Amino acid sequence: MERLNYDVLEKSGYKGYILKKAPEKVLQFGEGNFLRAFVDYWFDLANEKADWNGKCVLVQPIGGGLAEMINDQEGLYTLYLRGSEKGQKVDDRRVISSVSRCLNPYEADDYKAMMEVAASDDLEIIVSNTTEAGIVYDPSCKKDDLPPASFPAKLTQVLYHRYQAGKPGIIMLACELIDNNGKELLKCVNQYIDQWGLENDFCTYVNEECTFCGSLVDRIVPGRIRDPREVAELETKHGYEDPLLDVGEVFGVWVIEGDEKLNDVLPFRKAGLEDKVFVTPDMSPYKKRKVRILNGAHTGFVLGAYLAGENIVRDCMNDEVMKGFMNKMLYEEVIPTLPLDKNDLMQFAAAVEDRFNNPFVNHELMSISLNSTSKWKARNMPSFLGYIEERKELPACLTMSLAAYIAFYSNDIQGLTDAGLVCRRPAGNEYTVSDDRWVLEFYESHKGDSEGALVHAVLTDTRMWDQDLTAIDGLEAAVIAGLKKIRTEGARAAYQSCL
C-alpha cells in the first residue's frame, strides 16, 4: 500500500478539505504529536473556514525527529479526534494539510532554509512547544552556533536574521507547559541579546515590535495507535499508509494571553473558533479553571476510587457513587471559588465528565496518582481554602478527598523500595506509591500510627502544605473520621456518605 501524499490522497477518494499550496505564514518549533493534533489542526480549520490561506513550516527542536517522514508525505497526515460529547461517542477523521514541510536545522541546508523562512515577507507567527525543559537559558550557546542547542537561542538567531532583513516583527505563541511561558521565553531571548552583545535597536525590535504571548493549551493527545490490527484496518479503510497518523481527544481549547486586538490579526475569530481559540489580557482565570476543575477532579477522587477497586477513569464515570462524588466536589465546592462566569465554568465541568468518559482512552488511576502530595496542594488546596473562607465551613468532598489521599499513602504499608512505597489495596493486591522520597519516607516512618496520630502528623507537616492545617477549625477531627470510615467501611462508602 502506498504512503500518504497528495497524489495518493486524491486516488483514495478522500472528500474532505485540502489546501495544497499557500504562503508559509507560520514557523513552528516542534513537530510532535501534540502540536500536530492541536496547533496545526486549528490553522487547518482557519484555512477551511476563514480562507486564511496559510501553511506551517515545522522545525525539529532536536537532532532526531520526524522531518524526513513529514517531507515524504508532503506535510500531510491523518488526525483522528476521538472521545465523547454530551454522552455521544465521537470518532472524527480529518487529513491535515496546513503543514508545508519540516526542517532539521542540524543539517546545513535546512538551517539555511529556516533562516530564509525567518526573513520571508509571508511569515507572521512563530509557535513553539519544546517541552517544559525547552524554555531554558543555556549560556553555552553562541551567536554563531549552527544551530545553538537551546530553543531560545535558536529563536534569537531567527529574530535577529529577520531584523537584519528589515522585516516587521512577528507574533510569538509559546505553548510550553510552564507558568508565564511567553514572558519566560522573552526573558531568555533578552539574555542572549545581552550575552551576544547584539545592538540596542534589535533589543527594541524584539521587545516592542514583536509580540510574545503566553498561552494555555488543553487537549489530551494519546498520539499514535498502538494496536497493529487497528492500524491495518484503518489503512485498508483509508487506502493509504500513514505512519504519522495522530490521535487527540475531541475537546480542545487554546487560550492566548495578549492584547485582545490580536483576535483581529489571528485567523481564529474569523473562522468562528472564538469559543475554542481566543485572546485574553489575562489567562490566569482560565489556568485556574483547568487546574482546579480538570486536574483537581483527577486528584480529588482517583485515590479513593482506586482503594474502592476502580482502575481506569472511564469506569469511574460509569459508577454513580464515584461520578456523583466528583460532580458534587466540582459543582458545589470548586466552581463557587473560581473567578469566571459561572455558566462557562459549568460547561467546562460538564465537558470534564465527557473527557473522563472517553471510550478510546484507558486512563489508569495509578498513573494519575504520581506525586499526589504536591498535586493535591496545587490543584485542590486553593479550592479547599477558598470554600472555607467563603462559607465558613468545611467542604465535605474535598475534606474526604484529603482523607482518601492519606489512606492511599498509608494503606497496609509493606515497605519502602527504590521504586516507591509499597502498600496493599483492600482487595489484596499490592501497589506502589510514587512521590518525592521524603514524602514516602514520612509515611513509611508513620506506618504504625493510629488514625489520629497519622492525621495529626500529616496536617502539621508544613513541608507538605506550607502551613499547619490543624489551625483550620474542625479539620483534624473530620479527616480522622474520614480516614477511619475509609479503613473500616471502604472508600466507596466514605464517598457515598458525602452525597
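Colleague: Which residue in S13 does Leu 416 stand opposite?

Modeller: Leu 416 stands opposite Leu 421. This is a predicted model: local features need pLDDT of at least 70, side-chain atom pairs count only at pLDDT 80 or more, and totals for chains, interfaces and linings use all residues. Residues are numbered from 1 along each chain as its sequence is written, and side-chain values use heavy atoms, with hydrogens and water left out.

Colleague: How many bridges join S12 to S13?

Modeller: 2 bridges, and the strands run antiparallel. Strands are DSSP runs (E, at least two residues), numbered from the N terminus. Two strands pair if DSSP finds at least two bridges between them. The S12 and S13 hairpin has 4 residues between the strands, and Gly 420 there takes a positive phi near 150 degrees.

Colleague: And what is the bridge partner of Leu 421 in S14?

Modeller: Val 433. Cys 423 has Tyr 431 as its bridge partner in S14. In total, 4 bridges join S13 (residues 421-424) to S14, again antiparallel. That hairpin has 5 residues between its strands, and Gly 428 in the turn has a positive phi of about 115 degrees.

Colleague: What is the strand order in the sheet?

Modeller: S12-S13-S14, in an open sheet of 3 strands. S12 (415-416) and S14 (430-433) stand at the edges with a single partner strand each, so one side of each has no neighbour in the sheet.

Colleague: Switching topic. How many residues are in the largest nonpolar core?

Modeller: 79. A nonpolar core is a set of buried Ala, Val, Leu, Ile, Met, Phe, Trp, Tyr and Cys residues joined through side-chain atoms within 4.5 Å. Buried means under 20% relative accessible area (1.4 Å probe, protein chains only). Ile 293, Phe 301, Tyr 405 and Tyr 443 have the most contacts inside this core. Helix H17 (residues 396-410) gives the most to this core, with 11 residues. Helices are DSSP runs too (H or I, at least four residues).

Colleague: What does Tyr 443 touch?

Modeller: Leaving out residues up to four places away in sequence, its contacts include Tyr 405, Tyr 409, Leu 421 and Met 464. Contact means heavy atoms within 4.5 Å.

Colleague: How many residues are in the second core?

Modeller: 41, in a separate core that includes Val 39, Ile 70, Leu 244 and Ala 271.

Terms used
Buried means under 20% relative accessible area, exposed over 50%, partly exposed in between (1.4 Å probe, protein chains only).
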